[in-house]
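Come along and check each entry against the picture.

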Amino acid sequence: MPSFHFETTPRIVCERGAALRLAQILQAGGHRRAFLVTDPGLVAAGLIDAPAAALRAAGLHVAVYDRVQADPPEHVVLEAAQAARDDRADCVIGLGGGSSLDTAKLVALLAANPQPLADIYGPQRARGPRLPLIQVPTTAGTGSEVTPTSVVSTPDHQKRGVISSLLFPDVAVLDAALTAALPPGPTAMTGIDAMVHAIEAYTTRHKKNPMSDMLAMRALQLLHGHLGGAVRQGGDLDSREAMLLGSLLAGMAFANAPVAAIHALAHPLGSHFHVPHGLANSLVMVPILRFNLPVAEAAYAELARALDPGLRDAADAEAALAFIAAMQAHVTASPIAQRLRDVGVGESDLPALAEAAMTVDRLLMNNPRDLTRDDALAIYTQAF
Ligand SMILES: [Zn+2]
C-alpha cells in the first residue's frame, strides 16, 4: 500500500435544527463574539434570522456580514475580514453555499493575522493563527466545510485558491432543514458537483488512498440514491440530509485525493461564461467519463457495483458502461441546461475554451488519462 496523509475537519455535527444550537458549540469553546458570514439571498430567504436570534438569545454578540457574492472577489473578502477585526470577533461562522464558506475561511484567517492575499495564493503559504471557524453549508454541495481551500476572484478576473491546512474548519454542521428551500435547479447542479468530487477523488492519479476511496464510494452511494428525491421533493428532509452527508464525505475525499479533468474543463466555463460551478461540471462530466474509460474501467466498475448490487457479477466492461449511463441519467433527469449551446457558448468559442482548459494543469495532472488540447476540444464538441 502506498504511504499517504489524510487531513479533515475534526468535528462533524449532523443533526436537524443544529443551526439553532450553534451557541452550545461556541460557548463550550469559550467564545462570546461571533462573526457570521453569509450572502444577501439567504438573508432575503429568511434563513439567517433564526440562527442569529438563537445565538443572541444565548447571550452571544453576533455581527452578520451578508455581502458575499458568487465567486467572491478579493475586495469582499478583505472588507469582511476588516469588519470582523473592527467587531473584535473571537469566532467566525460561515453559513451559506460554497462562496460564503470560502469567504468565512479567509475571514477567520485574516482577522487573526492580516496578510496580503497576493502572498498566500497557492499551497501552504498562509500563516496562522486564525479564529475558530464553524461552517454550516446550505447547499450539498461544494464540501467546502471539510476542505482546506478557499477560491477567490482576483481583480483581473482570475480565480485563485488559498490552500492551507489552516483553512480546515474546526466544526462542520449539517442541518438538513437549511437546504429544504433550495430550488430544483441549484439542488441538481450542486448535487452533481458533489458526485463529481467523489468520482474524481476515486479515479485521481495522485494521492488516491484507502481513506479517500472509502469516503468517495459511500458519498456516491448517498448522492446517487438521493439526488432524484431532493430535486423532485425538496422538502423531503431524509433526502436532503443524505445529500448533505454525501457532499461532506465527497469533500473529505477530494480534499485528500484531488479532482481532475472534469473540474479543469469546467473552469473556463465559469471564468469565460459565468456558468455556475456545479452546472459547468455537469455539462462536461459524461464526455470526460467516456474519455477516461480506457484507463478508468476497473474503477468505474467498482463504483457501479457499489451503486447497484445487481452488477456484482458483471464484467468490468459492462459495469463501467452502466456507471457512465447512471451518471448520464442524473444529468438528463435534472432541470438544468444540458448542452454548452444552452449556456451561451458558441461553436466558435470551443477552441478558446480548449486552450484555456490546458492552463489548468494543476488539475489536469490528476486525471487518470493524459489529456491534450485536441482531446479537450473533442470533449467540448461532444458537450456542445
Ligand atoms: Zn466542484
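**Ground rules.** I am working with a predicted model, in which local features need pLDDT of at least 70 and side-chain atom pairs count only at pLDDT 80 or more, while totals for chains, interfaces and linings use all residues. I number residues from 1 along each chain as its sequence is written, and side-chain values use heavy atoms, with hydrogens and water left out.

**Entry 1: H11 and H15.** I looked up how helix H11 (residues 277-307) meets helix H15 (residues 373-383): their axes come within 9 Å and cross at roughly 130 degrees. H11 is therefore oblique to H15. Axes are lines fitted to C-alpha atoms, for helices over the stretch in contact, and angles run from 0 to 180 degrees between N-to-C directions. Oblique is what remains after roughly parallel (under 35 degrees), roughly antiparallel (over 145) and roughly perpendicular (65 to 115).

I then listed the residues that touch (heavy atoms within 4.5 Å). From H11 come Leu283, Val284, Pro287, Ile288, Arg290 and Phe291, and from H15 come Asp375, Ile379, Tyr380, Gln382 and Ala383. I sorted the residues of this contact into eight nonpolar, one polar and two charged. Here Ala, Val, Leu, Ile, Met, Phe, Trp, Tyr, Cys and Pro count as nonpolar, Asp, Glu, Lys and Arg as charged, and the others, Gly among them, as polar.

**Entry 2: H13 and H15.** Which angle do H13 and H15 make where they pack? I found about 130 degrees between helix H13 (residues 350-357) and H15, with the axes 8 Å apart. That angle makes H13 oblique to H15. The H13 side of the contact has Leu350, Pro351, Leu353, Ala354, Glu355 and Ala357, and the H15 side has Arg373, Ala376, Leu377, Tyr380 and Thr381.

**Entry 3: charges over rings.** I counted a charge as over a ring if NZ of Lys or CZ of Arg is within 6 Å of the ring centre and within 35 degrees of the ring normal. Arg369 sits over the face of Phe291, 4.0 Å from the ring centre.

**Entry 4: backbone details.** I noted a cis peptide bond from Gly128 to Pro129, with omega near 0 degrees. Pro129 belongs to the loop between strand S5 (122-123) and strand S6 (133-137). I also noted Asp71, a residue other than glycine with a positive phi, near 45 degrees. Asp71 lies in the loop between strand S3 (61-65) and helix H4 (74-86).

How values were computed
Helix = DSSP H or I, 4+ residues; strand = E, 2+ residues; numbered from the N terminus.
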